[in-house]
Each structure stands twice: as C-alpha cells, then as structure tokens.
Amino acid sequence: MKKYSEVELREMISNLKLMKKITTEMGGSLSNKSELDLTTYEMVLENHLNYKYKDLDKWLNKLIKKNGITKY
C-alpha cells in the first residue's frame with residue numbers, strides 16, 4: 001500500500017464519508033471496494049496517529065531525562 005500523509009488520509013476519509021452520505025440519501029450504497037477503502041484508510045490513520053504520539057512521548061521523555069525536568 002502506498003504511504004499517505006495524515007492530511008491525505010483525512011481528506012480521502014472525508015470524501016468517502018461524504019460520498020457514502022450522498023449515496024445513502026439517494027437510496028443506494030457504496031461499492032464494496034469503496035467501503036473497504038474507507039475502513040482501510042481509517043485504520044491506517046489510526047495506526048499513523050498511534051505511532052505519531054508514541055514518537056512524541058519518547059521525545060518528551062528523552063528531553064525530561066536530559067534536562068532533569070519532571071513538571072510541565
């Protein structure tokens with residue numbers, strides 16, 4: 001799978017959700033591929049955010065150890 005930025009993932013998710021809403025209002029539904037894409041992009045974004053915050057936490061912990069600061 002191609003690597004997407006957080007912004008790209010959010011945009012693709014937003015577009016698919018809008019398409020799903022419009023299609024549902026017209027009495028239809030998304031294709032199986034579009035539903036699968038939506039779920040995949042949501043999971044990839046969630047995974048991306050988990051790693052992003054883990055990396056930030058590691059960086060902050062190193063900074064705290066280096067400077068001896070324990071209060072924010």
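## A pocket and some salt bridges

Helix α2 (residues 32-67) contributes the most to the lining of the largest pocket, giving five residues. Keep in mind as you look around that this is a predicted model. Let's start with the pocket and then turn to the charged pairs.

**The largest pocket**

- The space inside the largest pocket comes to about 160 Å³.
- Its lining is made of 10 residues, and those nearest the centre are K3, Y4, V44, N47 and H48.
- Sorted by class, the lining holds five nonpolar, two polar and three charged residues.

- The structure has four salt bridges in total.
- One of them joins R10 to E6, with the closest N and O atoms 3.0 Å apart.
- R10 and E6 sit four residues apart in helix α1 (residues 6-25), so about one helical turn separates them.
- E6 is buried, at 18% relative accessibility, whereas R10 is partly exposed, at 43%.
- D37 pairs with K33 in a salt bridge whose closest N and O atoms are 3.1 Å apart.
- These two, D37 and K33, are also four residues apart, this time in helix α2, so the gap is again about one helical turn.
- K33 is exposed, with a relative accessibility of 55%.

**A salt bridge between helices**

- K20 forms a salt bridge with E35, and their closest N and O atoms are 3.5 Å apart.
- Because K20 belongs to helix α1 and E35 to helix α2, this pair ties together parts that are 15 residues apart in sequence.
- K20 is partly exposed at 32% relative accessible area, and E35 is partly exposed at 27%.

Conventions
Residues are numbered from 1 along each chain as its sequence is written. This is a predicted model: local features need pLDDT of at least 70, side-chain atom pairs count only at pLDDT 80 or more; totals for chains, interfaces and linings use all residues. Side-chain values use heavy atoms; hydrogens and water are left out. On a 1 Å grid over the protein atoms alone, a cavity is a set of points where a 1.4 Å probe fits but cannot get out, and a pocket is an open set with protein on both sides within 12 Å along at least five of seven lines; lining residues have an atom within 4 Å of a point. Grid points are joined across faces, edges and corners, and a volume is the space filled by probe spheres set on the points. Ala, Val, Leu, Ile, Met, Phe, Trp, Tyr, Cys and Pro count as nonpolar, Asp, Glu, Lys and Arg as charged, and the others, Gly among them, as polar. A salt bridge is a side-chain nitrogen of Lys or Arg within 4 Å of a carboxyl oxygen of Asp or Glu. Buried means under 20% relative accessible area, exposed over 50%, partly exposed in between (1.4 Å probe, protein chains only).
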